[in-house]
Amino acid sequence: MIQLKNITKKFGKLTVLDQVNLHFKSGECIALIGPNGCGKTTLIKSILGMVLPDSGHIEYREESIFNQHQYRNNIGYMPQIGRYPDHMTIGQIIEMIKQVRNQWTNLDQELIEAFGLEKMFDKPMRTLSGGTTQKVSAVLAFLFDPEILILDEPTAGLDPLASEILKEKIIKEKQRGKLILITSHLLNELDDLITEIIFMQDGCVQFHEKNSALKQRTGEEKISKAIAKILKQNQHESNH
């Protein structure tokens, strides 16, 4: 569904993405992980068309995304920290995005109800807690029933109940055949969600593996432990 071929991006002398090759298929829920500054955000922004790589190609359904903007209508994006006009209310923000997208039907309003946001539609954004702002970001990502969801640290700042509601929603959409890409530091949170893992370091993909293969290779039941084991091995090898 999405293919990245030899994507390289530099900011000044710093190489943020270094010859990245990846293939994402529908029906997968993929965790994109790695230390801060490893290139995760630049990779996501390249897929969203917000960052233009210096070289390489990104294809959506075997068509190049460069100079094409229509494909973005098929993506729902939840940023790590959503920034919205302070003076607008929750209801106004949702209406504004519908106008921008020019879509008024086939809306997925399940999260609005699950989070109980309709009772807060008249609250200005500036009065909201970080967790409630996250809920608004989640609602907007899922609202237009996109076939691709890109979620940047989706559960950060959410209370346990909201986090569980969002995770159930992610599982449901994956089962409907959507492609879901999640960046997260909270690996324990993701264990029951993800089907594949991409680990990045210094702008390079260290591995891209199915969840089950990773667990089998390391003999660990939990994803977080499996990854920790591989990183320790890599560190051990690089020290010798």
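I looked up the buried residues of helix H8 and found Ile223, Ser224, Ala226, Ile227 and Ile230; buried means under 20% relative accessible area, exposed over 50%, and partly exposed in between (1.4 Å probe, protein chains only). The model is predicted, so I note that local features need pLDDT of at least 70 and side-chain atom pairs pLDDT 80 or more, while totals for chains, interfaces and linings use all residues. Residues are numbered from 1 along each chain as its sequence is written, and side-chain values use heavy atoms, without hydrogens and water.

Helices (H or I, at least four residues) and strands (E, at least two) are DSSP runs, numbered from the N terminus. Down the axis of H8, I found the buried residues within an arc of 165°, so they line one face of the helix; the arc is that of the directions from the helix axis to the C-beta atoms. The face turned away from the buried side carries exposed Lys225, Lys232 and Gln235. Among the elements covering the buried residues of H8 I listed strands E3 (29-33) and E9 (196-201) and helix H7 (211-218), where contact means heavy atoms within 4.5 Å.

Of its 46 residues, Phe115, Leu151, Leu166, Ile170, Ile197 and Ile227 touch the most other members. Helix H4 (residues 130-143) gives the largest share, 7 residues.

Phe115 lies in the loop between helix H3 (110-114) and H4. I recorded Phe115 as buried, because its relative accessibility is 9%.

Note on methods
A nonpolar core is a set of buried Ala, Val, Leu, Ile, Met, Phe, Trp, Tyr and Cys residues joined through side-chain atoms within 4.5 Å.
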